[in-house]
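Visitor: I am new to this structure and would like to understand the words used for it. Could you show it to me and take my questions one at a time?

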Amino acid sequence: MTHVGIIGGGIVGLSSAYYLHRAGYRVTVFDQNPITDGCSFGNAGMIVPSHIIPLAQPGMIAKGMRWMLRSTSPFYVRPRLSADLLRWGWLFYRHANARHVERAIPALRDLSLLSKKLYIELAGSASPLADFGWQERGLFMLYKTASAEHEMAEEAEVANRAGIEAQVLNGAQVQDLEPDVRVDVRGAVYYPGDAHLNPGALVRALLDYLRGQGVGFVTGTAVTGFGTSGNRVTTVQTAGGEMPVDEVVVAGGAWSPEIAARLGVSLSLQGGKGYSFMLRGLTPNVRVPAIMLEARATATPMGSDLRFAGTLEVAGTDLTVNLNRVRGIAESINQYYPELPVQMPAVDAVWRGLRPCSPDGLPYIGRAGRFDNLTLATGHGMMGLSLGPATGLLVAETVANRPESMDLTPFRLDRF
């Protein structure tokens, strides 16, 4: 039986393991940390076909420069001498234009809609794997200012032209859809086709299912190298030894460049640190997940709990907690939900993770480098959870040399 080694146990790696196992492959997942420590475990839990405009877009550089002047702002690039960071920044600059956005929209839309379809299939199955809190209640993009209203109206028009339903609501209409919690906003764009889930429950369900199906896991030890022969990768090497493989999938999130470099593959990608914390036992709770636009923070109901998340701190693979960034999230919430009992969380109650951000806002999916049996699946930025199942299916199709469910050209590693 063909053996596939997957480097990375986030939602993209686990989804790849799921679809490869279903396709009849023997699979082993390698991760340097316990699986439940990763970025997929504590994120906002949003499934967002609405997010069809990439991070690299007109105006983002100027906006980011303004945000960087405030210690509590939602965006920050930690200054450091790094050739990789300089190249990433240059590529981001080159792609922050309308032409790139126009090309990226159909690719992100199709990948998102495929992923949502696969989530619906998982949630509707009869197995315990289906129990991950799937809810289809849409998404609010909440705003408080006239300038944000104008920006969101333009994005709603773009979404509707692309076939993604978007409704522009005033404050009273927002409150009608959120009857149990007071909302203080000028208005919102409502995307009824978006959904949300409990990411921790999803990761645990996938882990239990895959282990029960015989998928192997090597965790708590880093991949230190690879054995190769000609144009093929033959082994995955760790401190505990090496394991023969027939195929390799690199799905290492923010650590993917380090892993790919061991195979001679140069990968432009930066880790974007984000934070989250929970408000427990909230009754009544928010019904509709929301992005608080000016604050660039999110609120996602998970049962009786409410998860807040936000910030994008480009800081390599540094996982230390910057409490000023967390304070920026906490202090912004009551501007939108004035009656929620939000306090600054203790540092040990703050979860943090690294989103793997490509410079053009599109993931890397497909074959890479000089090795015939190497596949990349990384660079999903803040949308790893949302795009995970579709990426996993596309990885399985790539490994099997079957026709892919969608065109992978926009996601090629060599597109730069």
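Visitor: What does helix α1 (residues 11–22) reach from its first C-alpha to its last, and what is expected?

Guide: Please keep in mind that this is a predicted model. Helix α1 has twelve residues and reaches 16 Å from its first C-alpha to its last. That is close to the 16 Å expected at 1.5 Å a residue.

Visitor: What makes α1 mostly covered?

Guide: Eleven of its twelve residues are buried. They are Ile11, Val12, Gly13, Leu14, Ser15, Ser16, Ala17, Tyr18, Tyr19, Leu20 and His21. Just after the helix, Gly24 takes a positive phi of about 100°.

Visitor: How far is Ala17 from Arg161, and what separates them along the chain?

Guide: Their C-alpha atoms are separated by 35 Å, and the two residues are 144 residues apart along the chain.

Visitor: How many aromatic pairs are there?

Guide: The count comes to ten aromatic pairs. In one of them, the rings of Tyr18 and Tyr19 have their centres 4.8 Å apart and their planes at 85°.

Visitor: Why is the pair of Tyr18 and Tyr19 called edge-to-face?

Guide: Two rings pair if their centres lie within 6.5 Å, and planes over 60 degrees apart count as edge-to-face. With centres 4.8 Å apart and planes at 85°, Tyr18 and Tyr19 meet both conditions, so the pair is edge-to-face. Both Tyr18 and Tyr19 are buried. Ring pairs also link Tyr18, Tyr19 and Tyr209 into a cluster.

Visitor: What makes Trp90 and Tyr93 a stacked pair?

Guide: For stacking, the planes must be under 30 degrees apart. Here the angle between the planes is 25°, and the distance is 5.6 Å centre to centre. Trp90 and Tyr93 therefore count as stacked. Both lie in helix α3 (residues 83–95), three residues apart, about one turn of the helix. Trp90 is exposed, and so is Tyr93.

Visitor: How do you know that Lys144 lies over the face of Tyr336?

Guide: The distance part of the rule asks for NZ of Lys within 6 Å of the ring centre. Lys144 is at 5.7 Å from the ring centre of Tyr336. The charged end of Arg211 likewise sits over the ring of Phe217, 5.0 Å from its centre.

Visitor: How many cavities of 30 Å³ or more are there?

Guide: The count comes to one cavity of 30 Å³ or more. About 50 Å³ of space lies in the largest cavity.

Visitor: Which residues line the largest cavity?

Guide: The lining is made of Ile11, Ser15, Tyr18, Tyr19, Tyr119, Leu122, Leu202, Leu206 and Pro389. The elements that give two or more residues to this lining are α1, α4 (98–123) and α7 (199–212). The largest share, four residues, comes from α1. By class, the lining has eight nonpolar, one polar and no charged residues.

Visitor: What joins Thr283 and Pro284?

Guide: A cis peptide bond joins them, with omega at about -5°. Pro284 is found in the loop between β14 (270–279) and β15 (290–292).

Visitor: Why is Arg296 called partly exposed?

Guide: Partly exposed is the range between buried, under 20%, and exposed, over 50%. Arg296 has 25% relative accessibility, so Arg296 counts as partly exposed. Arg296 lies in the loop between β15 and β16 (297–302). Its phi is near 50°, a positive value in a residue other than glycine.

Visitor: And what makes Asn401 buried or exposed?

Guide: The relative accessible area of Asn401 is 65%, and the cut-off for exposed is over 50%, so Asn401 is exposed. Asn401 is found in the segment after α10 (384–399). Phi of Asn401 is near 55°, a positive value in a residue other than glycine.

Visitor: Where does His51 lie, and why is it called partly exposed?

Guide: His51 lies in the loop between β3 (46–47) and α2 (60–67). At 24% relative accessibility, His51 falls between the cut-offs of 20% and 50%, so His51 counts as partly exposed. His51 and Gly274 are 223 residues apart in sequence and 18 Å apart in space, C-alpha to C-alpha.

How values were computed
Residues numbered from 1 in each chain as written. Predicted model: local features only at pLDDT ≥ 70, side-chain atom pairs only at ≥ 80, totals over all residues. Heavy atoms only, no water. Phe/Tyr/Trp six-rings, centres within 6.5 Å; stacked < 30°, edge-to-face > 60°. Buried < 20%, exposed > 50% of the residue type's maximum accessible area, 1.4 Å probe, protein only. Lys NZ or Arg CZ within 6 Å of the ring centre and 35° of its normal. Expected span 1.5 Å × (residues − 1). 1 Å grid on protein atoms, 1.4 Å probe; cavity = no way out; pocket = protein on both sides within 12 Å on 5 of 7 lines; lining within 4 Å. Points joined across faces, edges and corners; volume = space filled by probe spheres on them. Nonpolar A, V, L, I, M, F, W, Y, C, P; charged D, E, K, R; others polar.
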